[in-house]
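Student: I am new to this structure and would like to know what stands behind the words used for it. Please go through them with me.

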Amino acid sequence: MASFYSYTLSIPYFVILSILFNPSQGSFVEEFSDILATKRSEKTSRLHFYFHDIVSGKNPSSIKVISTGGDGIYGFGKTFIFDDALTVGPNASSKIIGRAQGIYSIASQSELALLMVLTFEFIEGKYNGSSISILGRNSVPRDVREMPIVGGTGLFRFARGYALAHTFKFDIKSGNAIVEYNVFVQHF
């Protein structure tokens, strides 16, 4: 019986010691610590562009994927998926610098407020191949809405910051919108 208990008690010690003295894991931890300890200066970048959300016509960039039965006054629960152009200026013919891709849902029963899950993927200039991810509430009736940046890729790795959205133009008949974005992002 004593040998069974000593065997059972020695297993956790063996596991702990093998984790602590595992050469491959130790080198990963050291490399990761070196990366975090590197004194790189953090930058703050300000980006300005326009988001074109086209829900009508032959080639919409945003489509409804969920439509609830009880729409109510605001359409609570409606969900859209989008792949919208990001442009330098407000005109559709302006230079495209990226895409806004993601999902938004009407998440409030008392006002027109969206839950936004989106990524700004840049395809031009020094941020080509980099992206910024946003997750937040967008209360559409407000003049300026603030949403948090929760991460990024490429030059925006370890990104944090915020995006300010302002409706530049909204066509009530078609539902199409042009939204101006001012993005303030901290990154390495």
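The talk below sets values against definitions.

Tutor: This is a predicted model, in which local features need pLDDT of at least 70 and side-chain atom pairs count only at pLDDT 80 or more, while totals for chains, interfaces and linings use all residues. Residues are numbered from 1 along each chain as its sequence is written, and side-chain values use heavy atoms, with hydrogens and water left out.

Student: What makes up the secondary structure of the protein?

Tutor: The protein has 2 helices and 9 strands. Helices (H or I, at least four residues) and strands (E, at least two) are DSSP runs, numbered from the N terminus. In that direction the order is α-α-β-β-β-β-β-β-β-β-β.

Student: How do you know that Arg160 and Glu42 form a salt bridge?

Tutor: A salt bridge needs a side-chain nitrogen of Lys or Arg within 4 Å of a carboxyl oxygen of Asp or Glu. For Arg160 and Glu42 the N to O distance is 2.8 Å, so the pair meets the definition. The two residues come from distant parts of the chain, 118 residues apart: Arg160 is in strand S8, and Glu42 is in the loop between helix H2 (23-37) and S1. In general, side chains of opposite charge can pair when their charged atoms come close.

Student: Why is Arg160 called partly exposed?

Tutor: Buried means under 20% relative accessible area, exposed means over 50%, and partly exposed is in between (1.4 Å probe, protein chains only). Arg160 has 42%, so Arg160 is partly exposed. Glu42, at 35%, counts as partly exposed too. Of the 188 residues of the protein, 32% count as buried.

Student: What makes Lys95 and Glu124 a salt bridge?

Tutor: Their closest N and O atoms are 3.5 Å apart, so the pair passes the distance test. The pair links the loop between S3 and S4, where Lys95 lies, with the loop between S5 and strand S6 (131-139), where Glu124 lies, 29 residues apart. Glu124 has 35% relative accessibility and is therefore partly exposed.

Student: What makes a space a pocket?

Tutor: On a 1 Å grid over the protein atoms alone, a pocket is an open set of points with protein on both sides within 12 Å along at least five of seven lines, whereas a cavity is a set where a 1.4 Å probe fits but cannot get out; lining residues have an atom within 4 Å of a point. The largest pocket has a volume of about 530 Å³. Of its 21 lining residues, Asp53, Tyr104, Leu114, Val140 and Phe170 are the closest to its centre. S9 gives the most to this lining, with 3 residues.

Student: Which classes do the residues of that lining fall into?

Tutor: They divide into 14 nonpolar, 3 polar and 4 charged. Ala, Val, Leu, Ile, Met, Phe, Trp, Tyr, Cys and Pro count as nonpolar, Asp, Glu, Lys and Arg as charged, and the others, Gly among them, as polar.

Technical notes. Points joined across faces, edges and corners; volume = space filled by probe spheres on them.
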